[in-house]
Amino acid sequence: MEIVFPYITVSVFLVFITFKFLSKARTNRRRNLPPSPPALPVIGHLHLIKQPLHRTLQTFSQNLGSVFSLRFGSLLVVVVSSPSAAEECFTKNDVVLANRPRLTIGKYFGYNYSTVSAAPYGDHWRNLRRLMALEIFSTNRLNHFLSIRQDEIKRLLHRLHQKSSNDFARVELKSKFSELTFNIVMRMIAGKRYYGDDLVECEEAKEFREVVSEAFKVGGLSNPYDFLPVLRWIDFKGFEKNLGKLHKRMDSRLQGLIDEHRRDKSKNTMIDHLLSLQESQPEYYTDSIIKGLMLVMILAGTDTSAVTMEWAMSLLVNHPGVLKKARAELDTHLGRDRLIDEPDLSKLHYLQAIISETFRLCPAAPLLVPHMSSNDCTIGGFNVPRGTILLVNSWAIHRDPSVWDDPTSFKPERFDGGEVEGHKLMPFGMGRRACPGAGLAQRVIGLTLGSLIQCFEWERVGEELVDLSEGKGITMPKAVPLEAMCKSRDIVKKVLFEDVNNE
Ligand code: HEM
């Protein structure tokens, strides 16, 4: 009897689980939900979630179709992996799907869901988008900040030139791109550099950089904490406590910057503009709203561009023929006496094609940012109930063989024909929640890559191709930071640094 009892218990349990599976599948079919793989009780499909998530989800879509569903604990998640389904999401269903799920990270780093990236769709979100479009991303404002971009890029060229003026030198590029984009964004926000040799307040810079890099580590969707209420009740691994502490550190840094600018109003930065709006409408432009805008710029606007440039340079050193062709284009259009500038970008079609091809193969936000349905809707003929999380696998769409010829190869020439339809290539998303920083990102990436190709020879460190596998992280980083060999070209001496005063 003692031996038989466990068998009976296990058998009953298995019958129970099988019954649950079958009845769940029947219910799903009845409700016409998108198909899903078998789920476990309580956790749903959380046990199937392996990193990198976009690859796992692509594999599911190959078996289940381009619209399928998963359960993350108690929440329904619908994953879309075809251009037509994505188009349906961001045209017919754009308003219904313009919400964001309330993930714990948004409570802390979204200033209680009040920042533009975390806020629910509605008047507050619309106001913030309008404000950003006018005060930060308008052509006028972007042109105003051009000198910052030029200056930071020249400082990067100068550092590389110092190492490689005589011969090929080995350089690590990941950290250089992160420093570049961080300095550009912080100078726009607060008029301060946080990386480089000429920093006055080094402690402040160090603390700031540390908090930001910690914040990047805790972000992301695949955190079971958000989907299993029981983990929230016990504050699993002190997740929320740690988030709270990190938020406090970040908040006090951002507040410090606001206070500084309140004391000294002479600068012409984003904080100064927002503070002057605060004077006329203090009840709306609170310090929290201003800090939220600053934080969004830092979190959404630095790593994304840095990672994209690292992928682009990795692809280029793996494809010397493409690099050569890009340099020939630059030399033909600009000659060998002057450095590329932003107005040149629109004429440099091959450089643009390289950037598009990098976005296609290596989108920095492979699943965009999660959306949530605020009402019932249908996608691909399936019902999607209100409160469902939507993930759009742009990484899979960009590699769909029915859309792209030879999809895994790096071939900038495929963009020779000009523009591609938005729902086939969507590194910045589509519809009303699409990235508001796309214009700034395109300028930074274009100008930096153009300058690096124009000013240096680039080679791989050895015979082997650069490893292109993805590491862990929200912005699809490379698993191995890029190192490459670079050597100054003659043009560097001619164009370099009439006005750079450090390093
Ligand atoms: C290569 C660079 C970048 C990429 C690939 C990128 C991509 C994206 C994507 C895919 C989204 C989500 C779209 C969706 O929800 O469907 C997004 C949202 C956003 N991005 Fe970017 N982005 C980049 C650079 C920037 C920059 C430079 C900024 C600002 C300085 C920025 C600010 C934002 C903000 C505020 C949102 C949230 C918009 C909202 O929820 O309404 N991004 N970005």
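**Domains, sheet and helix packing**

The C-alpha centres of domain 1 and domain 2 lie 45 Å apart. Domain 1 covers residues 1–30 and domain 2 covers residues 31–498 of the protein chain; such bounds come from an automatic or database domain assignment. The model is predicted: local features need pLDDT of at least 70 and side-chain atom pairs count only at pLDDT 80 or more, while totals for chains, interfaces and linings use all residues. Residues are numbered from 1 along each chain as its sequence is written, and side-chain values use heavy atoms, with hydrogens and water left out.

Helices (H or I, at least four residues) and strands (E, at least two) are DSSP runs numbered from the N terminus. An open sheet of four strands has the order S1-S2-S7-S4 and mixed pairing, where two strands pair if DSSP finds at least two bridges between them. Its edge strands, each pairing on one side only, are S1 (67–72) and S4 (371–372). Strand S2 (residues 75–80) and strand S7 (residues 389–392) run parallel and are joined by four bridges. Within S7, leucine 391 is the bridge partner of valine 79. Helix H2 (residues 53–64) packs on this sheet and touches S1, S2 and S7, its direction making about 125° with that of S1. Contact here means heavy atoms within 4.5 Å, and angles run from 0 to 180 degrees between N-to-C directions, with axes as lines fitted to C-alpha atoms, for helices over the stretch in contact.

The loop between helix H1 (4–30) and H2 holds proline 52. The peptide bond from glutamine 51 to proline 52 is cis, with omega near -5°.

Two helix pairs may be considered next. Helix H12 (residues 270–280) packs with helix H13 (residues 287–301) at an angle of about 155°, their axes being 10 Å apart. H12 is therefore roughly antiparallel to H13, a term for angles over 145 degrees. From H12, Met270, Ile271, Leu274, Leu275 and Gln278 meet Asp287, Ile290, Leu293, Met294 and Met297 of H13. This contact of H12 with H13 has eight nonpolar, one polar and one charged residues; Ala, Val, Leu, Ile, Met, Phe, Trp, Tyr, Cys and Pro count as nonpolar, Asp, Glu, Lys and Arg as charged, and the others, Gly among them, as polar.

Helix H15 (residues 320–334) and helix H16 (residues 349–361) pack at about 140°, with their axes 8 Å apart. Val322, Lys325, Ala326 and Glu329 in H15 meet His349, Tyr350, Leu351 and Ile354 in H16; five nonpolar, one polar and two charged residues make up this contact.

Terms used. Parallel < 35°, antiparallel > 145°, perpendicular 65-115°, else oblique.
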